[in-house]
Amino acid sequence: MENYIIIVVILLVTIIGLKNLLFSTVNHVDLETEIDPEKDSSKDIEETTVIREFTPRQLSNYNGFDLEKIYMGVKGNIYDVSKGRQFYGPSGPYSNFAGHDASRGLALNSFEIENVRRWDEPIDDLNDLTELELKSLDNWENMFKGKYPCVGTLIPDPEFQSI
Ligand code: HEM
């Protein structure tokens with residue numbers, strides 16, 4: 001009788017072990033199918049980034065120095081170019097663009113400070129640019145749209161619009 005019980009227990013343990021082995025494989029598959037929707041939902045979060053409005057003065061804080069994040073304006077949209085810190089960070093070649101509307105500089109293919117509006121100047125209407133310069137700006141804009149997330153739009157600061 002005792003032997004019989006021991007055999008039954010061993011059988012049960014073996015069956016449970018086999019069952020676990022089987023289920024762990026199924027769980028693995030379940031886990032993988034669960035990961036995909038998760039990836040999709042993180043994409044949704046990216047797509048629903050809140051678009052904020054920035055005045056030139058507010059934008060100027062995001063120069064990678066006063067604030068770690070680096071934002072840059074192109075044709076009225078603000079892009080988070082933080083991942084391009086080697087270009088726009090304080091010691092990068094295009095640091096003049098950081099925290100600024102870079103539209104004129106991009107259109108003229110110049111990173112000189114005189115082609116970048118200060119935050120206490122009105123927003124650049126770019127009215128004097130030639131067709132070729134505007135085309136160049138459009139090409140740059142496409143690059144920024146493809147590479148960096150858009151985080152906001154540039155709005156006038158009433159205090160500095162009438163200079
Ligand atoms: C002296 C001449 C210049 C050289 C040798 C140069 C070189 C470069 C190089 C090697 C890159 C990286 C390209 C890549 O990642 O595939 C780059 C990107 C860039 N350059 Fe220049 N550049 C010059 C002038 C300018 C000027 C005058 C401007 C002003 C508009 C400018 C604006 C940019 C911008 C906005 C990027 C894109 C950076 C990014 O990916 O966010 N560059 N440049």
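In strand β3, Y79 is the bridge partner of M72; strands here are DSSP runs of E of at least two residues, numbered from the N terminus, as helices are from runs of H or I of at least four, and two strands are taken to pair if DSSP finds at least two bridges between them. The structure is a predicted model, in which local features need pLDDT of at least 70, side-chain atom pairs count only at pLDDT 80 or more, and totals for chains, interfaces and linings use all residues. Residues are numbered from 1 along each chain as its sequence is written.

Strand β2 and strand β3 (residues 77-80) run antiparallel and are joined by four bridges. Within this pair, N77 in β3 lies opposite V74. The two strands form a hairpin with two residues between them, and K75 in the turn adopts a positive phi of about 50°.

Strand β4 (residues 150-154) pairs with β3 in the antiparallel sense over three bridges. The complete open sheet comprises four strands in the order β1-β4-β3-β2, with mixed pairing. Because β1 (52-54) and β2 (71-74) stand at the edges with a single partner strand each, one side of each is left without a neighbour in the sheet. Neighbouring strands of the sheet are turned by 35° against each other on average, direction ignored; the axes are lines fitted to C-alpha atoms.

The ligand is surrounded by V81, G84, F87, Y94, G105, L106, N109, S110, F111 and K147, a residue being near a molecule if its C-beta atom, placed from the backbone, lies within 6 Å of it.

The average pLDDT (the predictor's confidence in each residue, from 0 to 100) is 82 for the protein, and 69% of the residues score at least 70. Over residues 24-35 the pLDDT is below 50, and this stretch has zero contacts in the model beyond near neighbours in sequence (contact: C-beta atoms, placed from the backbone, within 7 Å). Where pLDDT is low, the predicted coordinates should not be read in detail.

Terms used:
Axes are lines fitted to C-alpha atoms, for helices over the stretch in contact, and angles run from 0 to 180 degrees between N-to-C directions. Two residues are in contact if their C-beta atoms, placed from the backbone, lie within 7 Å.
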